[in-house]
Amino acid sequence: FTLPVRGSEGLYMVNGPPSFTENTAFQRDSGKNCKAVAFSKDGSLFAWCNGEKVNVVNVTSAELLCSFDLPKAVCLQFSPKNNVLATWQAYTTAKDGTAGVPNLQLHDVKTGKCLKSFIQKKMQNWCPCWADDESICARNVNNEVHFFENNNFNTIANKLHLQKVNDFVLSPGAQPTKVAVYVPGSKGAPSFVRLYQYPNFGGPQSALANKSFFKADKVTMLWNKKATAVLVIASTEVDKTGASYYGEQTLHYIATNGESAVVQLPKNGPIYDVVWNPNSVEFCAVYGFMPAKATVFNLKCDPVFDFGTGPRNAAYYSPHGHILVLAGFGNLRGQMEVWDVKNYKLISKPVASDSTYFAWCPDGEHIVTATCAPRLRVSNGYKIWHYTGSLLHNYEVSSNEEMWQVSWQPFLDGVFPAKAVKYQAVPSELPSAEPKPAQAYRPPALRNKPVTSSKLHEDEPPQNMKPQSGSSDKPLSKTALKNQRKHEAKKAAKQEAKADANQDSTQSSASQNAPRSVVPAVTSGDPEVDKKIKNLKKKLKAIEQLKEQAAAGKQLEKNQLEKIQKESALLQELEDLELGL
């Protein structure tokens, strides 16, 4: 397979592993104006626009199939079965203020003729959405969704009309197609996401599921591969509590059988990323103020595995769903953790610093990371890794050039069989890309002294959240949970009080503290002795409380002060009794 590379050096194709050489079949386009590239879903066709024309080639033979005169095109996309190529250019109105020409065009790939053109002012969500078999195609027009059937764009076959549809997503996979729609709230009414099955768009009763929520300025809707459920990340632009720059996010789960839930995330803070496992029965969320938590949940929205905390803000499942990469890109250092999903074991921890892009290869074995302009203008280039942590290929453009995009040629599911997970790093000719750890600055006064590690926070370790087979699998009732929480709170309060007492009792020296910690609850066998021990402990406890009161600044009575002075004698007596002297 190949990887197209687009940048100031033009557009060219690179052969994937193991050779990494330039693909000579594809004629390099050396123009500096290549604005966009697109593969068909099966990876057999490739299109690009170079500022003059939009060209479509067959990837294997590199034969030019068709070419369109669209010098201003900046977005391209193929329909799922390669019948239609959609192109978009910026919308412009005429000088006299009259409406401009249609700027979204749908071309027949086989004949090259234009099937239909529309006016599409916004670049966001510019492309119509097709069902995987191309039986229906939909686009959002003035807050309603228009549906076309069998690529006949002259007749609107169906309309989904709600008060103001802001966004919609078609389900992947086979018929029947389902549609998730988002309607933002207004005038005190909540926002909602509804799921419909095409073409049943009657009243609210015809919806498969409905979830309403306040606190949403925008939402992201993610279907799982089997089209049984949608995850909705709802976010507000501003966090009213002032806790975060990022606004507030909440994660909701909606199933096509009508069930819905709010996913409870145990750490506060932004939700950075949410991804479905391709198996459609689990999803991973990365969330919480840094260091962020990452947790895998099942379809009941219960946590299955918690990866603890770490420097990460993104998650990527491999195409077969057997490996999960947690990574920290953007303003983080590019640390990646590669996990075996079945056994929840860490495979490798490569570091790809300054990465602006990450993608799994369709073979489920290789990964590309890249540093691209305009996000970063310096040290542009890409690296190809094996998931076991080996760096197989590293390409950097020369300092005066830029790289804008690199991507894998896609393949349909099932082309590459899933392989068993390896832990041993695969051999590589390149040295490992471990960056040298930067030494922390140390002021001159401390330079010859031993280093004491000071961490701002302790990272939480990963832990399995599945109920252990030995424990009862039955979920606790509400009252049982309540009691359990009360019990735990009491226990915690007791421990805290104890800890405080230990800190406060500064008068008691270490030697006195020692025996007190050796209080095993063992009976001596003689009830008289046991009784004495019990009484002594009672007295010592009373002394403990008096010392706390004194530490808190309370004026003690004379007899109370005398009691405190007896402490060491009582401790000695207790020790003697316990040792059986």
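Trainee: What should I know before I start?

Mentor: This is a predicted model, so local features need pLDDT of at least 70 and side-chain atom pairs count only at pLDDT 80 or more, while totals for chains, interfaces and linings use all residues. Residues are numbered from 1 along each chain as its sequence is written, and side-chain values use heavy atoms, with hydrogens and water left out.

Trainee: At what angle do helix α3 and helix α5 pack?

Mentor: Helices (H or I, at least four residues) and strands (E, at least two) are DSSP runs, numbered from the N terminus. Axes are lines fitted to C-alpha atoms, for helices over the stretch in contact, and angles run from 0 to 180 degrees between N-to-C directions. Here α3 (residues 527–551) and α5 (residues 567–579) pack at about 150 degrees, with axes 10 Å apart. That makes α3 roughly antiparallel to α5 (an angle over 145 degrees).

Trainee: Which residues of α3 and α5 make the contact?

Mentor: Contact means heavy atoms within 4.5 Å. From α3 come V529, K532, I533, L536, K537, K539, L540, I543, E544 and K547. From α5 come E567, L570, L571, E573, L574, L577 and E578. By class, the contact has nine nonpolar, no polar and eight charged residues. Ala, Val, Leu, Ile, Met, Phe, Trp, Tyr, Cys and Pro count as nonpolar, Asp, Glu, Lys and Arg as charged, and the others, Gly among them, as polar.

Trainee: How many residues of strand β4 are buried?

Mentor: Buried means under 20% relative accessible area (1.4 Å probe, protein chains only). In β4 (residues 45–49), five of the five residues are buried, so the strand is largely enclosed by the rest of the structure. L45, A47 and C49 cover one side, F46 and W48 the other.

Trainee: Which residue is the bridge partner of A38 in β4?

Mentor: Two strands pair if DSSP finds at least two bridges between them. Four bridges join β3 (residues 36–39) to β4, and the two run antiparallel. A38 has A47 as its partner. The β3–β4 hairpin has five residues between its strands, and G43 in the turn has a positive phi of about 80 degrees. On β5 (residues 54–58), β4 pairs antiparallel over five bridges, with F46 opposite V57.

Trainee: Which strands stand at the edges of the open sheet?

Mentor: The sheet has five strands in the order β23-β24-β25-β26-β36, with antiparallel pairing. β23 (271–276) and β36 (463–464) are the edges; each has a single partner strand, so one side of each lacks a neighbour in the sheet. Two bridges join β26 (residues 303–310) to β36, and F305 stands opposite N464.

Technical notes
Parallel < 35°, antiparallel > 145°, perpendicular 65-115°, else oblique. Buried < 20%, exposed > 50% of the residue type's maximum accessible area, 1.4 Å probe, protein only.
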